[in-house]
Every structure is written in C-alpha cells, then in structure tokens.
Amino acid sequence: MPRSDQDRERDRQRYEVAGGRVPNHPDLMASELLPLEYRPAVVEFERVVKKYVSSESRVIELGCGTGRHTSALVKSSRFVVGIDYAMSALLALQSCGSWGPQVHLAQADIAAVPMPDSSFSVVVCTSSLSYADPVQLIGEIRRLLSSGGTLIVIDALRHNPIYQLNRFVALLRGDRTITSLRRIPSLKTIASLTKYFGNSEVRFYGHSLFLMSLLKIFVSLERSLEISIKLDQHLPRWMAFRFVLVATELEKVSI
Ligand SMILES: C[S@@+](CC[C@H](N)C(=O)[O-])C[C@H]1O[C@@H](n2cnc3c(N)ncnc32)[C@H](O)[C@@H]1O
C-alpha cells in the first residue's frame, strides 16, 4: 500500500478516536469556544460566512468533524451537508438535535464526495486541506461547485519554521502523519485554489502566536492580543499560523 494511503488510514483512525472524545457545543460558534488568542481567524471565518452564505445557499463542509465551524454555516443557510470519514465525529455532531433538519451528514472521503457535479453554491473547508492530495481535492471542489460558486477556507499555513517545528514534534509523538504534514497548505496551494475564481480575498493570522505565552508574562492577555493583531497586519504572510480565504465567482469549465 502506498505511504499516502497508509497515512490516510492512520489519520482516519486517529480522528475516529478523537471524535468520540471531543465535546461539541452546537449552539456556540467556534469563536466562542476557543481561547482568546486563537479567535481572530475564526471571527474572520464567521464574518465571511455571514457575508457570503445566505439562507438559499446550498453549502457543503468538507471535513466537518464534530462541527466546530458548522454552527456558523447552519446559522446562515437552510441547507448544509457535512462530510467526514470519522463516524464518531459525525455521530457526535448528529446527536445535537437542536440543529434542525437542515444539516445532512455523510461519511465519505473529501477527495471523492458522492454528490453530483455542480450541486453546491458554497464549498467550505475547515482545517481539512492537509488530508487529501491537493490536486485531487481542488478538482473535487471545482466539480461540486456550481458556476459562480463560492469557496471558503480556514486552515493552517505551512511556512513559519517555529510552527513547523511544533508540527514535527507532533509527528514524532505520533499525533500527525508525514503525508498530512507535507500537505499543509502553502502560499502556492492558496494560489492554486484561487486561480479558478473571479475574485478572492485571503487574510493571514497568528504570525506571533508563539510569542503569546511570553508576552502574557509581562502584559495582560487582552494587551498581548492587541499586539498580536497589530503584528498580523505588519508581518509577512509566510509567518502566519492560519489563513481565511474566500473566493467567489467560480469560472466553470469541464474538468
Ligand atoms: C483538523 S480536523 C478539523 C475538524 C473540523 N472541521 C474543525 O474545524 O474543528 C480534520 C477533519 O477532517 C476529517 N478528514 C480528514 N481527512 C479526511 C478525508 N480524506 N475524508 C473525509 N474526512 C477527512 C477528519 O476526520 C477531521 O474531522
């Protein structure tokens, strides 16, 4: 079996175990669940969802997990499909009755979604880009989207060596696979994702997240967050920890 398939199976098993452990809070937005220093990117994700997803949108979330970001989608659209290969995560998400009938969950591979071509007006990827072959996944996103459709992504960025070191330690601990590590989106991935769309907007966050624990010793958490937000505006994009992307007006051509 090729290395990437072995790693896919290892990742799936890890998420299957994790899905059974993570408590989900369907009525809360991800920004309300996270520690203060991790919130700016998620607040931007929620702003983008509010702006670009309407009640008429047909939305699919690839890699929905236990639904941390799904709340924002459900608050905006009457039709949301969540795809994940971890059954335990989907069951945890499904057990939240308060979501109503507009959420449809399916256990499937994000790189081969069993849905017809052009069946969604919005595709959302929430920290799932590292888990499929990028060329295959971009093809799948384009196939699922209808003409003029919108792509929304919140994910990690690869380049910053400090975050890379942290991820490498996770690899040594067995909490990551080498394939998912190699597939963490880069600036090049972002360019490949956006080139099929008429318009795109990408914002970068968490350039100085690694400094927060140090800063918090000297100034309050709120002040260190203000500093971190300022640094996000001035430091180069490659230093970012995460990004939020919205691309609109897909130019549909047969793939
Ligand atoms: C980093 S977690 C993100 C979960 C959730 N979207 C969030 O933001 O909290 C990645 C999710 O993608 C799912 N996943 C990874 N690879 C997948 C694949 N090939 N097909 C379907 N789901 C996948 C995992 O089960 C996991 O729930």
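Predicted model: local features only at pLDDT ≥ 70, side-chain atom pairs only at ≥ 80, totals over all residues.
Reader: What makes the protein agree with a compact globule?
Author: Its radius of gyration. A compact globule of 255 residues would come out near 18 Å, and the protein has 18 Å, so the two agree. The C-alpha atoms fill a box of roughly 55 × 40 × 40 Å along the principal axes. Inside it there are 11 helices and 7 strands.

Reader: Why is S7 called mostly covered?
Author: Count its residues: 7 of the 9 in strand S7 are buried. Buried here takes 20 or more other C-beta atoms within 10 Å of a residue's own. Across the protein, buried residues make up 43% of the 255.

Reader: How do you know that S7 pairs with S5 and with S6?
Author: Two strands pair if there are at least two bridges between them, so we just look at the bridge counts. S5 and S7 have 6 bridges, in the antiparallel sense. Strand S6 (residues 197-205) and S7 have 8, also antiparallel.

Reader: What makes the largest nonpolar core a core, and which residues have the most contacts inside it?
Author: Its members have to be buried nonpolar residues joined through C-beta atoms within 7 Å. The largest such set has 64 residues, and Ile60, Val123 and Leu151 have the most contacts inside it. Strand S7 (residues 242-250) gives the most to this core, with 6 residues. In soluble globular proteins, nonpolar side chains do tend to be buried together.

Reader: Which residues is valine 123 in contact with, leaving aside its neighbours within four places in sequence?
Author: Ile60, Leu62, Ile141, Leu144, Leu145, Gly149 and Leu151. Two of those names, Ile141 and Leu144, turn up again among the buried residues of helix H6 (residues 134-144), along with Leu137, Ile138, Glu140 and Arg142.

Reader: What covers the buried residues of H6?
Author: The cover includes strands S1 (58-62), S4 (120-126), S5 (145-156) and S7, plus helix H9 (187-194).

Reader: How many residues surround the ligand, and which are the closest?
Author: There are 20, and the closest are Tyr15, Gly63, Gly65, Thr126 and Tyr131. Helix H1 (3-21) and strand S2 (79-84) are the elements that give two or more residues to this shell.

Reader: How does that shell divide into nonpolar, polar and charged residues?
Author: It has 10 nonpolar, 6 polar and 4 charged residues.

Conventions:
Residues numbered from 1 in each chain as written. Buried ≥ 20, exposed ≤ 12 C-beta atoms within 10 Å, placed from the backbone. Helix = DSSP H or I, 4+ residues; strand = E, 2+ residues; numbered from the N terminus. Contact = placed C-beta atoms within 7 Å. Near = placed C-beta within 6 Å. Nonpolar A, V, L, I, M, F, W, Y, C, P; charged D, E, K, R; others polar. Rg over C-alpha atoms; globule rule 2.2 N^0.38 Å.
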